[in-house]
Amino acid sequence: MANIMIRKGSEGYVFYMPKRDIEDPIVFLEFDSPEKWGGEIRLKNGGVYYIEPQPAPTRLPFSVRARRIDGVE
Amino acid sequence: MAALTREETQALIQEVLEVYPEKARKDRAKHIMINDKTLESSKKCITSNRKSLPGVMTMRGCAYAGSKGVVWGPIKDVISISHGPIGCGQYSRAGRRNYYVGTTGVDTFSEMNFTSDFQEKDIVFGGDKKLAKLIEEIEMLFPLNKGITVQSECPIGLIGDDIEAVAKKMSAQIGKPVVPVRCEGFRGVSQSLGHHIANDSIRDWIISNRDGQAFEKTPYDVAILGDYNIGGDAWASRILLEEMGLRVVAQWSGDGTLAELENTPNVKLNLLHCYRSMNYIARHMEEKYGIPWIEYNFFGPTKIAESLRKIASFFDDRIKEGAERVIEKYTPVMNAVIAKYKPRLQGKKVMLYVGGLRPRHVVGAYEDLGMEVIGTGYEFAHNDDYDRTIKEMGDATLIYDDATGYELEEFVKALKPDLIGSGIKEKYVFHKMGVPFRQMHSWDYSGPYHGYDGFAIFARDMDMALNNPCWKMLTPPWLRQTDASELKKAA
């Protein structure tokens, strides 16, 4: 589990992990509706992470805990 | 010598790494890449932010250097205590030339060395009492300080002193912020973690101090982040922003004050020059206060014009016009500078090895002078820096991460650049090899290099280094080829 920050970039969401200084566009977000938001996220660099589904944040950037499922760090 | 092709560069890397033992060779090979502009991510080509190999000469610093020397040190009305043995504080004192306005020792303190001067007994019995006493003394001797930071050196972490408790107690006693910074030198692999720790301590102890207090805002408030005013850099940047109609609320941290730091959450836009050392706090302010941030580059007229327009695009037409007016005003001046120096510098090749933002930011300035950067590298960058660098550099140029002394020398011997830009540790090695050199950490005691004013100085300095007559006198007289007619004349 690691803290990540999700912010809005010029093309969709951008993933940022302060601990590892990984900044990468999110190419896939499993749930993206106001009531249910999160789930599996895939990054452009191949990383796959998981956020517990929750109501969508009212404001971005948004810090949240995520679990690494797959991919390089 | 013409620029190398991709294959030749690859062969060169291989040849240079040949001397290492196999394990070291494998490791170092991951830190050196040949640039390919089509790449979007540096991840597969270069490894960065890893521990340096034992036995090689690295140019890196430590977490304490990143926190005390870079981020906290330049804040002028805050006293940064180097908590621990005396050496760290003394040898890092005033070395970075972070200029500021004020009377040192009365209301500003950046150039002074405050240290707890740890002795054997402090290591054995702990230094908390000494720290508390030191803070009391500081408060008595320098009452105009606005706050105190405790910058831990290695032993503090090793013996487990509770500087946080002392800081809290003393902060209540003196009624000013006392910030404990856990930047022990052994943390992390380079000064980069020190920047992060310092940013986090500002986030935890400073940034929200004035939340909810009245502040007279304008729609044109900005803050300069990551400009350390080396040789006056931040001033040269600031006047351009003010000229285009913006109000600079805070300078982080060159010539900055604690009040400026605390007022920063009120700005409309954060302008980030050194991405590596201050992106953390910019991201925090974006999340907590909704302040957007952008990176800009004030090296060389091309990049300055680009950056001014980019900054203006966040504001209304008044600022956009202001930006155009500033660019228009300085273009003839810059054209004169380029007309003067470009013929003297055209086509010269440069190799860089610096830290922070310069390995990519100054490329544009060199290009404005008709020079070409054939190799660049960072001491302590992370992969996001290399992502940004790939776009700035030409194809098939060399990029090296945490280069060792040996590698740099070999690369210089093979690539034969006309000028090298790096730090003091490399300077005399390359001077002895007969290569012109400029220190790009401290601008070789010159500066500023930022902004339009800075570019004129930059161009002059590069010309002074490159075209200095001394480089023609490297061959001693007894080895010089004398032609026959001269000999005859002498006879």
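The largest cavity in this predicted model is lined by B:Met351, B:Leu352, B:Tyr353, B:Tyr400, B:Leu408, B:Ile420 and B:Phe430. By class, that lining has 7 nonpolar residues, with no polar and no charged ones. The volume of the largest cavity is about 30 Å³. How many cavities of 30 Å³ or more does the structure hold? The count is 1.

**The parallel sheet of chain B**

Chain B also carries an open sheet of 4 strands. Their order is β7-β6-β8-β9, and the pairing is parallel. Which strands stand at the edges? They are β7 (247–253) and β9 (293–295) of chain B. Each has a single partner strand, so one side of each is left without a neighbour in the sheet. From one strand to the next, the twist averages 25 degrees.

Strand β6 (residues 221–227) of chain B is joined to strand β8 (residues 269–272) of chain B by 4 bridges. These two strands run parallel. Within β8(B), B:Leu271 is the residue opposite B:Ile224.

**Chain A**

Chain A has 0 helices and 6 strands. Its radius of gyration is 11 Å, close to the 11 Å that the globule rule gives for 73 residues, so chain A is as compact as a globular protein of that length. Along the principal axes, its C-alpha atoms fill a box of roughly 30 × 25 × 20 Å. Of the 73 residues in chain A, 41% are buried.

Strand β4 (residues 37–43) of chain A pairs with β3(A) and with β5(A). The table sets out the two pairings.

| Strand pair | Residue ranges | Sense | Bridges |
|---|---|---|---|
| β3(A) and β4(A) | residues 22–32 and residues 37–43 | antiparallel | 5 bridges |
| β4(A) and β5(A) | residues 37–43 and residues 48–54 | antiparallel | 5 bridges |

Why is β4(A) described as largely enclosed by the rest of the structure? Because 5 of its 7 residues are buried, where buried means under 20% relative accessible area.

Residue partners can be named on both sides of β4(A). A:Leu43 in β4(A) stands opposite A:Ile26. A:Trp37 has A:Gln54 in β5(A) as its bridge partner.

One joins β3(A) to β4(A) through 4 residues. The hairpin of β4(A) and β5(A) also has 4 residues between the strands. There, A:Gly46 takes a positive phi near 100 degrees.

Key. Residues are numbered from 1 along each chain as its sequence is written. Chains are lettered from A and ligands numbered from 1 in the order in which they are written. This is a predicted model: local features need pLDDT of at least 70, side-chain atom pairs count only at pLDDT 80 or more; totals for chains, interfaces and linings use all residues. Side-chain values use heavy atoms; hydrogens and water are left out. On a 1 Å grid over the protein atoms alone, a cavity is a set of points where a 1.4 Å probe fits but cannot get out, and a pocket is an open set with protein on both sides within 12 Å along at least five of seven lines; lining residues have an atom within 4 Å of a point. Grid points are joined across faces, edges and corners, and a volume is the space filled by probe spheres set on the points. Ala, Val, Leu, Ile, Met, Phe, Trp, Tyr, Cys and Pro count as nonpolar, Asp, Glu, Lys and Arg as charged, and the others, Gly among them, as polar. Two strands pair if DSSP finds at least two bridges between them. Axes are lines fitted to C-alpha atoms, for helices over the stretch in contact, and angles run from 0 to 180 degrees between N-to-C directions. The radius of gyration is taken over C-alpha atoms; the globule rule is 2.2 Å times the number of residues to the power 0.38. Buried means under 20% relative accessible area, exposed over 50%, partly exposed in between (1.4 Å probe, protein chains only).
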